Amino acid sequence: MGVHAGDHFNSLVINRYKDGQVDSKVEMASYYSNGYTKTNNDSLYALNASGVSPRGFASFLIKNILVQDPNKDGTKFDPLDPDVTYVYSITVTIPNLRPTTRENRIELQVKGCVNGSVIENQTITLLCNATGKPIPNIRWMKNGEYYDGSSSVSSSNNALVFQQVAINDEGSYTCIADNGVGNPDKKLFTLLVKYKPKDTLLCPSKLDVCENKVIKLSCTADAYPSVKNYSLYNGNIYLGSSSNGQFTTTATPLGLNKFCCVASNEIGSSQCAFSDVYLMGDITTRCKINNKNTSVAAVKEGDKVVMQCDVSGNESYYMYQWVKVKDSLSVRNDTWQLTFGSINRTDEGYYQVTLRDKLNCSSQTRSFNITVNCNAFHFVQSVGRYVSATLENMEGDDVQLVCSANGDPPPDMMWIRNGSIRGMGSTLEINGVSKSDGGKYTFLSNNSLGYQVENIFVTVKLKIIAPEITNPYKQVILVDEGKDVSIVCNAIGYPVPNITWTKDGTVIGVGRIFNIARVKRNDSSCYTCTADNGIGHAKNASTCLDIHYPPSNIAILPSRRQMILKEGTSFSLYCQSDSNPPPTYTWKHNGGTLTDGQNGILVFNSIKRKQNGTYQCEAKNHLGWLLSVPIEIVVQCE
């Protein structure tokens with residue numbers, strides 16, 4: 001008879017067979033099971049564990065079984081007489097037989113972890129030891145979802161091994177043991193990953209300031225535990241520390257200062273985050289004419305003349321304004337030197353250059369005096385002078401050609417172009433010169449003794465204007481997702497500037513207008529237009545698109561379809577979604593709207609049974625709304 005410890009039965013019948021027939025005159029005087037006598041067939045009997053063999057069988061001893069009627073000779077019949085063969089059968093009636101079982105029991109061990117925290121890149125093991133009968137099946141969950149490991153986390157039947165624990169391994173891990181007997185047993189372990197500061201940022205990353213101006217720098221970093229200390233350096237010089245990453249300092253020396261911020265916590269320190277601060281102060285200049293340290297020079301007509309002023313520091317941080325004093329005429333605005341390829345008498349005079357830094361921290365004005373000596377031409381019996389063999393002019397300028405001749409008798413003088421007389425005398429004026437006025441001009445002087453000619457070549461250059469963008473330097477456009485957008489870049493200059501559009505440093509289009517059809521949320525970015533015509537520096541302006549879209553990807557955390565809680569439990573539900581502008585949240589309970597939880601968090605300080613039911617979260621902005629998948633909360637009595 002196969003039985004197990006704990007099996008129950010309520011009757012046991014023993015039959016004796018003699019010569020193949022049931023001997024009805026026999027009844028059980030007594031029987032033994034595991035050493036305990038049970039004589040009442042109406043009782044409910046149970047086998048204890050000590051009376052069951054390892055293979056699940058129980059033994060019974062039959063004795064004192066007698067025949068009720070005497071034999072013919074009046075003696076009692078001995079049932080153990082060897083001359084008689086008896087066969088006994090045992091019948092056990094077992095109602096509602098229940099197999100021997102044990103519920104699940106779990107022991108969760110953590111190796112390589114202290115107080116639930118582990119340092120990034122260390123190795124840890126979560127070991128789930130479970131007992132029960134039958135042997136339980138073990139499964140793992142991470143943050144409420146079934147988890148079988150990853151490329152860096154191996155999963156055996158009862159263990160999770162993190163070879164090099166990473167930040168994204170952080171979370172709540174649950175070991176679940178289930179053998180179908182009773183409720184599954186669960187053990188929860190929350191893993192926190194410690195890591196040294198990373199993604200350190202020092203703002204602003206680039207700054208131009210005047211000398212002695214206070215500078216405010218802000219340093220941030222991502223770390224766990226939180227950053228304990230921020231240290232600031234200027235080059236290799238330590239400036240101080242801050243617990244919140246806020247610094248107030250000054251820069252020195254003049255020129256480029258490279259500030260560095262290092263964030264630290266108990267795990268380690270971050271790499272340097274840099275901020276380039278260019279400090280501008282008093283301007284120091286060195287002025288020259290044709291590489292000679294002088295501001296006064298006498299030159300020959302036709303010579304190349306270069307006036308220049310060098311500044312200490314980065315030239316790109318300074319602006320120049322050249323002016324011819326007599327004419328109050330702006331000559332050039334964007335370079336540290338003024339060059340005459342072939343100077344003539346009209347270029348003679350006083351010049352000033354004003355230098356200032358782009359923040360107007362300081363400025364300085366320097367003066368030059370140029371004297372132009374003309375060459376002499378000797379006629380037969382006469383001497384002649386001319387302005388320049390070659391004259392370069394800008395389109396629209398007024399041009400004056402001057403030559404003179406001396407002789408005895410005094411010579412006649414005229415100007416000839418293309419075989420026609422253009423003017424008499426030593427001077428020829430051309431007002432508003434155009435491209436067609438370019439070419440060779442002949443100065444003829446003669447008297448009775450002879451003549452002399454001299455050719456002057458006039459070249460006319462097109463007027464050039466550096467590009468300028470008339471849009472605001474930076475503007476923001478709000479647009480709803482799915483609409484068409486046209487971004488316009490208005491630029492002036494001569495020649496007409498070419499316009500190029502870039503996004504995140506990549507060229508995406510050309511032309512004055514850049515169109516985007518049916519904008520998507522990932523089109524939110526800054527678009528930069530660059531105007532360039534080869535004159536001076538190219539100019540930039542940015543237009544930033546702020547794409548608005550309705551809520552999407554709504555979810556309730558913890559992410560479970562059903563939660564079973566005991567009455568009096570305190571917990572919270574969190575609602576999150578993706579939208580722009582950010583949504584307002586509304587919670588619903590069994591279809592009705594709740595008045596609390598408007599910020600996306602629904603707090604249950606002590607849940608009650610009347611709060612049973614389904615909960616949903618609604619996210620809404622001006623473009624639409626979205627309802628989450630319902631979660632069911634079941635509240636059980638304590």
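Colleague: Is asparagine 590 buried, partly exposed or exposed?
Modeller: Asparagine 590 is partly exposed, since its relative accessible area is 48%, where buried means under 20%, exposed over 50% and partly exposed in between, with a 1.4 Å probe and protein chains only. This is a predicted model, in which local features need pLDDT of at least 70, side-chain atom pairs count only at pLDDT 80 or more, and totals for chains, interfaces and linings use all residues. Residues are numbered from 1 along each chain as its sequence is written, and side-chain values use heavy atoms, leaving out hydrogens and water.

Colleague: What's its phi, and where is asparagine 590 found?
Modeller: Phi of asparagine 590 is positive, about 55 degrees, although the residue is not a glycine, and asparagine 590 belongs to the loop between E53 and strand E54 (592–593). Strands (E, at least two residues) are DSSP runs, as are helices (H or I, at least four), numbered from the N terminus.

Colleague: And asparagine 553, what is phi there?
Modeller: Asparagine 553 has a positive phi near 55 degrees, again in a residue other than glycine, but asparagine 553 is placed in strand E50 (residues 539–557). With a relative accessibility of 62%, asparagine 553 counts as exposed.

Colleague: Switching to prolines, which residue does the cis peptide bond join to proline 134?
Modeller: That partner is lysine 133, and omega of the cis bond is about 5 degrees; proline 134 sits in the loop between strand E11 (124–133) and E12.

Colleague: What about the bond from asparagine 580 to proline 581, cis or trans?
Modeller: The bond into proline 581 is cis, with omega near 5 degrees, and proline 581 lies in the loop that runs between strand E52 (571–580) and strand E53 (584–589).
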